[in-house]
Amino acid sequence: MSLTVSIIGRPNVGKSTLFNRITQSKRAIVEDFAGVTRDRLYEKVTYQDKSFRLIDTGGITLENADFNSDIKMQAEIAIDESDVILFVVDGRSAITLEDEQVANILRKSGKDVIIVCNKVDNNHIADNIYEYYALGFETIIPVSAEHGSGVYDVLDYIYPKVPDEPEEEDSTINFCLIGRPNVGKSSLFNAIVGDERSIVSDIEGTTRDAIDTEFTYDGVEYKMIDTAGIRKRGKVYEKVEKYSVLRALKAIDSSDVVLWVVDAERGIVEQDKRVLGHALEDRKPVIVLINKWDTVKKETNTQKLYEQQMKAKMPFIADSHFIFCSAVTKRGVKNIYPAINDIYAKYTREFTTSQVNNVLNDALMSKVPPSYKGKPIRIYYATQIATKPPRFLFFVNNKEILHFSYKRYLENYFKHAFGLEGIKLKFQFKNRDEKDEM
């Protein structure tokens with residue numbers, strides 16, 4: 001997704017209600033992975049045939065901070081992260097000082113800002129919205145987030161601004177480093193993209209302070225997707241730790257491979273799970289980098305036991321590749337490139353229809369699909385329809401009664417048969433007599 005939309009405004013204007021309305025009406029379907037906790041601060045939204053990321057800034061709370069400081073921080077975050085800003089105001093009240101404070105900051109941003117005049121649910125109130133033109137923005141859309149009116153007008157405004165996905169992709173492998181603050185991402189960045197690499201160029205990213213670095217190593221072209229601050233500290237995000245999650249989201253969206261950096265001494269925390277959860281929802285392959293391994297006291301099988309403990313806590317990474325490394329001593333860093341190349345090759349693999357159906361037939365012979373209330377399940381054939389990750393379409397007699405446990409069985413069988421461990425496959429099921437719809 002190449003467009004980010006933020007909802008901003010003073011308290012009690014209905015920001016979260018609008019967020020809920022948009023995400024529940026046209027939400028992209030994602031799978032839940034056991035053990036992944038998610039902060040309901042951001043969500044992917046699919047409207048018609050395009051997707052964008054929606055951020056609700058209404059959840060920001062700062063202890064011992066005054067109201068004006070809180071409002072300013074919300075605006076700064078929206079400016080940094082967004083392409084389009086939904087400036088929500090209360091259509092039942094007059095312009096407030098807080099509204100003017102937000103407007104003053106947003107006018108200087110140069111971003112695409114529209115006023116969403118909320119709580120407008122009758123003609124009398126609708127007549128009062130025109131005073132909000134005094135805030136200096138050209139577009140005002142009246143809505144009632146509670147009842148849903150006007151929300152599609154907001155989506156229709158956003159839709160043409162979402163770029164079309166590029167049709168052709170080059171052979172460059174895009175990867176990023178994610179992880180909570182102070183796990184050594186900056187040091188690992190420098191270790192991975194060192195002086196011995198052939199640096200091609202530094203490319204300005206779409207997010208302020210983000211630098212995507214292109215380079216070639218051992219004949220392979222890579223692009224390191226920066227997380228907008230991996231090398232720059234002390235900005236507003238450091239004051240609100242959960243916003244470090246936002247910095248990783250665009251990088252994950254743009255990457256083929258995600259390198260998850262863990263501090264070997266401190267282990268994992270809930271924020272790690274939140275960030276990792278988004279990578280898994282995007283079905284991006286994850287390589288786990290256990291950094292600062294030089295600081296850990298070693299005993300027999302220390303590395304093996306550490307990996308087993310992490311997989312026990314987070315079973316959804318059970319088939320991910322682990323690399324124990326140190327950005328300081330450079331130990332293990334040389335293993336990162338082969339791991340990226342290997343997982344990328346799996347992520348982009350293509351199979352013939354005959355190969356797919358040979359595996360499917362073996363899977364069906366090993367375990368017959370369970371019937372549902374006496375109704376048999378028949379899977380006729382399958383074909384691969386996409387890569388990144390490999391995506392397969394199965395033609396069945398009744399997709400509604402195919403149990404999720406059998407779908408999970410098929411995914412595991414295909415992974416093993418095709419050697420795709422570490423890849424989150426995408427399976428779609430379609431009734432054989434169904435018209436084209438995917």
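The model is predicted: local features need pLDDT of at least 70 and side-chain atom pairs pLDDT 80 or more, while totals for chains, interfaces and linings use all residues. Residues are numbered from 1 along each chain as its sequence is written, and side-chain values use heavy atoms, without hydrogens and water.

The protein has 12 helices and 16 strands, taken as DSSP runs numbered from the N terminus (helices H or I, at least four residues; strands E, at least two). Of its 438 residues, 52% are buried, meaning under 20% relative accessible area with a 1.4 Å probe, protein chains only. Contact means heavy atoms within 4.5 Å; among contacts between residues at least 6 apart in sequence, 72% join residues at least 24 apart.

Three strands form an open, mixed sheet in the order β14-β15-β16, where pairing requires at least two DSSP bridges. The edge strands are β14 (379-386) and β16 (426-431). Strands β14 and β15 (residues 391-396) run antiparallel and are joined by 6 bridges; one of the bridge pairs is Ile-379 with Val-396. Helix α12 packs on this sheet, touching β14, β15 and β16, and its direction makes about 125° with that of β16. Such angles run from 0 to 180 degrees between N-to-C directions, with axes fitted to C-alpha atoms, for helices over the stretch in contact.

Tyr-406 lies in α12 (residues 404-418). Tyr-406 counts as buried because its relative accessibility is 1%. Beyond its neighbours within four places in sequence, Tyr-406 is in contact with residues including Ile-379, Leu-364 and Pro-369. Pro-369 is 37 residues from Tyr-406 in sequence, with 6.6 Å between their C-alpha atoms.

Methods. Buried means under 20% relative accessible area, exposed over 50%, partly exposed in between (1.4 Å probe, protein chains only).
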